[in-house]
Amino acid sequence: MASGLFSLEGRVALVTGGSRGIGKMIARGFVEQGAKVYVSSRKADACDATAEELGPNCISLPQDISTVEGVKALAAALAEREPKLDILVNNAGAAWAADFDEFPEHGWDKVMNLNLKSPFFLTQQLHGALKAAASDERPAKVINIASIDGMALNPLETYSYHASKSALIYLTRRMAARLVKDRIVVTAIAPGPFASEMNRAARDHGDEIARRVPLGRIGRDDDMAATAIFLASRAGDYVVGATIPVDGGVALATLPREAIAG
């Protein structure tokens, strides 16, 4: 029964923000499991470089999806190449940190638009392609990349990031409830400390960050890839609406620093 549970042979995937960081970790894992993977980001040269690195089953499809117009353009570009889509990974995102009294409106709008609005509208635009791939025996998959900052507070003043990722976790549940009838399974991953351009603390100060992680290390590329493969493959077909924290225990297995007297 276990044979082929994690295979992605014959499946077509689109990974936004797929040219670097967590998106690239996932794209690599999908390719290694046999999927044909389109990687998208706003920087064409970065997409091209990732596609070249990951091989012929990885195709560059650059697009800025920070606006609905960009979302529609990406969906149209994919439709020119593929009649259906088995897996969508909504990973493209942004962060912004600023003092509460100085937090700017554009820092709010940029993060909320890319982290929350774009995943909804891209899934909407690709609904037909996902339905075309979906069946009772093999559902299509949508995987939203949230964050443990949507589950637990980070000491940084990243107001719009916290809000967007928390909202994305609940949006995942709402979309799951609607799309499951089309045999499209929607889930989310909440990454913790992984070395990336967005998480420069984990990238540049990994040993220090690791001391705050119950498991004693920051995330590795295969930690992220394995969870995404699980959700995208037959192994994850019965997981619907869930958000899986992949963080070494930071969000759910960290003891409080001090007791609060009642």
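This is a predicted model: local features need pLDDT of at least 70, side-chain atom pairs count only at pLDDT 80 or more; totals for chains, interfaces and linings use all residues.
Reader: Why is Asn91 called buried?

Author: Asn91 has a relative accessible area of 11%. The term buried requires a value under 20%, so Asn91 is buried.

Reader: What does Asn91 touch, beyond residues up to four places away in sequence?

Author: Asn91 touches Thr16, Gly17, Ile22, Gly23 and Ile145.

Reader: Why is Ser160 counted as buried?

Author: The relative accessibility of Ser160 is 0%. Since the limit is under 20%, Ser160 counts as buried. Ser160 belongs to helix H6.

Reader: Why does Arg183 count as partly exposed?

Author: Arg183 has a relative accessibility of 37%. Buried ends under 20% and exposed begins over 50%, so the value of 37% places Arg183 in between, as partly exposed. Arg183 sits in the loop between H6 and E6. Its phi is positive, about 60°, although Arg183 is not a glycine.

Reader: Why is Ile59 called partly exposed?

Author: The relative accessible area of Ile59 is 21%. Buried would require a value under 20%, and exposed a value over 50%; Ile59 is therefore partly exposed. Ile59 lies in strand E3 (residues 58-60). Leaving out residues up to four places away in sequence, Ile59 touches Lys36, Val37, Tyr38, Val39 and Ala51.

Reader: How far is the C-alpha atom of Ile59 from that of Ser7?

Author: Their C-alpha atoms are separated by 19 Å, and the two residues are 52 residues apart along the chain.

Reader: Where does Gly248 lie, and why is Gly248 partly exposed?

Author: Gly248 lies in the segment after strand E7 (243-246). With a relative accessible area of 30%, between the limits of 20% and 50%, Gly248 is therefore partly exposed. From Gly248 to Ala210 the C-alpha separation is 9.3 Å, while the two are 38 residues apart in sequence.

Reader: What makes Glu32 count as exposed?

Author: Glu32, in helix H1, has 59% relative accessibility. Exposed means over 50%, so Glu32 counts as exposed. Glu32 and Ala188 are 156 residues apart in sequence, and 21 Å apart in space from C-alpha to C-alpha.

Reader: Which residues have the most contacts inside the largest nonpolar core?

Author: They are Leu14, Leu85, Leu88, Leu126, Leu130 and Ile184, in a core of 35 residues. Elements that each supply at least two residues of this core include strand E1 (12-16), helix H3 (68-79) and helix H4 (105-125). The largest share of the core, 7 residues, comes from H6. Aside from residues up to four places away in sequence, Leu14 touches Tyr38, Ser40, Leu74, Leu78, Leu85, Ile87, Leu88, Val89 and Leu126. A second, separate core has 28 residues, among them Val15, Ala27, Ala51 and Ala228.

Reader: At what angle do helix H1 and helix H2 pack?

Author: Helix H1 (residues 21-32) and helix H2 (residues 44-54) pack at about 30°, and their axes are 11 Å apart. Their crossing is right-handed. Lys24, Ala27, Arg28 and Val31 of H1 make the contact with Thr50, Glu53 and Leu54 of H2. These residues divide into 3 nonpolar, 1 polar and 3 charged.

Reader: How far apart are the axes of H3 and H4?

Author: The axes of H3 and H4 are 9 Å apart, at an angle of about 35°, and the crossing is right-handed. Val68, Val71, Lys72, Leu74 and Ala75 in H3 meet Lys117, Ser118, Phe121, Leu122 and Gln125 in H4. The division in this contact is 6 nonpolar, 2 polar and 2 charged.

Terms used. Residues are numbered from 1 along each chain as its sequence is written. Side-chain values use heavy atoms; hydrogens and water are left out. A nonpolar core is a set of buried Ala, Val, Leu, Ile, Met, Phe, Trp, Tyr and Cys residues joined through side-chain atoms within 4.5 Å. Buried means under 20% relative accessible area, exposed over 50%, partly exposed in between (1.4 Å probe, protein chains only). Helices (H or I, at least four residues) and strands (E, at least two) are DSSP runs, numbered from the N terminus. Contact means heavy atoms within 4.5 Å. Axes are lines fitted to C-alpha atoms, for helices over the stretch in contact, and angles run from 0 to 180 degrees between N-to-C directions. A crossing is left-handed if the near helix is turned anticlockwise from the far one by less than a right angle, and right-handed if clockwise. Ala, Val, Leu, Ile, Met, Phe, Trp, Tyr, Cys and Pro count as nonpolar, Asp, Glu, Lys and Arg as charged, and the others, Gly among them, as polar.
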